Amino acid sequence: MIAATQAAPITFNTALPVAKDEFMLRQQFIAIESGDDPSTVNRNRSEIASITTLAYGVNNKLAVFGVVPYRDIEMKLDMGSQRVRRDSSGLGDITAFGRYIFHQNNQQGRSFRLAAFGGVKTPTGDDNSSDQFGILPPPVQTGSGSWDIFGGMVVTQQTLAYQFDGQLSYRVNNEAHDFEAGNVFRSDGSFQYRVWPRILSGSVPGFLYGVLEANLIYQEKNQINGGNDPNSGGTRLFISPGIQYVTRRWILEGSVQLPVRQELNGNALENDKIARAGFRVNF
């Protein structure tokens with residue numbers, strides 16, 4: 001029997017289970033636009049990524065996940081009197097992690113779950129690409145070259161009309177080729193509200209949810225040759241409106257992450273917007 005799909009966060013994880021011996025496939029397409037003040041460094045970075053996630057339910061509490069990204073990155077910047085374009089594309093760093101639901105309370109028409117997760121990011125992407133100007137800078141490489149670990153907690157409160165998800169996570173980034181990205185702390189929240197149909201009936205093929213998410217991300221300064229990079233790290237706060245259409249076996253979804261506050265160090269590159277679209281299938 002195939003487990004029914006349910007509304008879920010678009011920009012982060014959920015504590016809802018993957019049924020025993022079932023699979024869940026999630027495909028997302030992400031477009032990221034970043035830039036800075038033309039009076040300073042005058043850089044513009046864009047990325048289009050395809051993120052494929054496959055999950056397997058070991059049992060009703062434990063699920064394992066594999067995440068495979070494909071990245072297409074372009075940066076335009078001033079080099080002397082020239083405006084140059086530097087780019088790369090290919091497989092990114094593959095991530096594997098497990099999630100365990102250690103507390104659940106199911107009642108008629110509602111459920112509450114707490115879960116912990118942890119995993120590792122592997123250096124499968126290319127971190128040594130070059131062009132006619134030399135080795136590409138880390139923001140243009142498709143991989144980091146380092147083995148990084150992460151973990152956190154996630155909570156889900158679900159009812160027939162709405163769902164709330166929250167997450168706290170921390171990622172430890174390690175050094176490769178004299179470069180170490182700053183460690184990252186995240187706090188995320190997602191509220192999904194059923195806007196159609198307003199009255200439940202057995203004849204409806206699916207459900208339409210409005211989604212509103214918030215993402216608070218703090219990153220420490222990068223390390224270059226053992227010293228702090230003064231133009232890296234800081235705090236970003238995003239508000240992410242979105243929409244989901246949910247059926248028994250699949251979900252269609254989309255959202256836009258809009259930066260409402262960015263307190264970054266030096267000339268660190270600011271995000272302009274992040275757009276996401278994708279689907280999820282249980283089988």
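Author: Side chains of opposite charge can pair when their charged atoms come close. In this predicted model, Glu47 and Arg71 form a salt bridge whose closest N and O atoms are 2.6 Å apart. Glu47 belongs to strand β2 and Arg71 to strand β3 (residues 62-79), so the pair ties together parts that are 24 residues apart in sequence.

Reader: Are Glu47 and Arg71 buried or exposed?

Author: Glu47 is buried, and Arg71 is buried as well. The term applies to residues under 20% relative accessible area.

Reader: Which residues are linked with Glu47 in a network of salt bridges?

Author: The network of salt bridges links Glu47 with Arg45 and Arg71.

Reader: How many salt bridges does the count come to?

Author: The count comes to 11 salt bridges. One of them joins Asp78 to Arg83, with the closest N and O atoms 3.2 Å apart. Asp78 has a relative accessible area of 35% and is therefore partly exposed. Arg83 is likewise partly exposed, because its relative accessible area is 40%. A further salt bridge is formed by Arg186 and Asp188, the closest N and O atoms being 2.7 Å apart. Asp188 has a relative accessibility of 6%, so this residue counts as buried.

Reader: Let us turn to strand pairing. With which strands does β1 pair, and in what sense?

Author: Pairing is read from the bridges between two strands, of which at least two are needed. Strand β1 (residues 23-35) pairs with strand β2 (residues 44-57) in the antiparallel sense, over 13 bridges. Within that pairing, Glu33 has Ser46 of β2 as its bridge partner. Strand β1 also pairs in the antiparallel sense with strand β19 (residues 270-282), in this case over 12 bridges. There, Gln27 stands opposite Phe279 of β19.

Reader: How many helices and strands are there in the protein chain?

Author: The protein chain has zero helices and 19 strands. Its radius of gyration is 20 Å, close to the 19 Å that the globule rule gives for 283 residues, so the chain is as compact as a globular protein of that length. Taken along the principal axes, the box filled by the C-alpha atoms is roughly 65 × 35 × 30 Å.

Reader: What do the contacts in the protein chain show about separation in sequence?

Author: The contacts considered are those between residues at least 6 apart in sequence, and 62% of these join residues at least 24 apart.

Reader: Which strands supply the residues of the nonpolar patch?

Author: Strands β10 (162-172) and β13 (184-196) each supply at least two of its residues. The most comes from β13, which gives four residues. Phe164 lies in strand β10. With a relative accessible area of 38%, Phe164 is partly exposed; a residue must have over 30% to be taken into a patch, and Phe164 is among the residues that make this one.

Definitions and conventions: Residues are numbered from 1 along each chain as its sequence is written. This is a predicted model: local features need pLDDT of at least 70, side-chain atom pairs count only at pLDDT 80 or more; totals for chains, interfaces and linings use all residues. Side-chain values use heavy atoms; hydrogens and water are left out. Patches are made of residues with over 30% relative accessible area and no salt bridge: like charges are joined within 9 Å, nonpolar side chains (Val, Leu, Ile, Met, Phe, Trp, Tyr) within 5 Å. Accessible areas come from the Shrake-Rupley method with a 1.4 Å probe; for residues, only the protein chains shown count as cover. A salt bridge is a side-chain nitrogen of Lys or Arg within 4 Å of a carboxyl oxygen of Asp or Glu. Buried means under 20% relative accessible area, exposed over 50%, partly exposed in between (1.4 Å probe, protein chains only). The radius of gyration is taken over C-alpha atoms; the globule rule is 2.2 Å times the number of residues to the power 0.38. Contact means heavy atoms within 4.5 Å.
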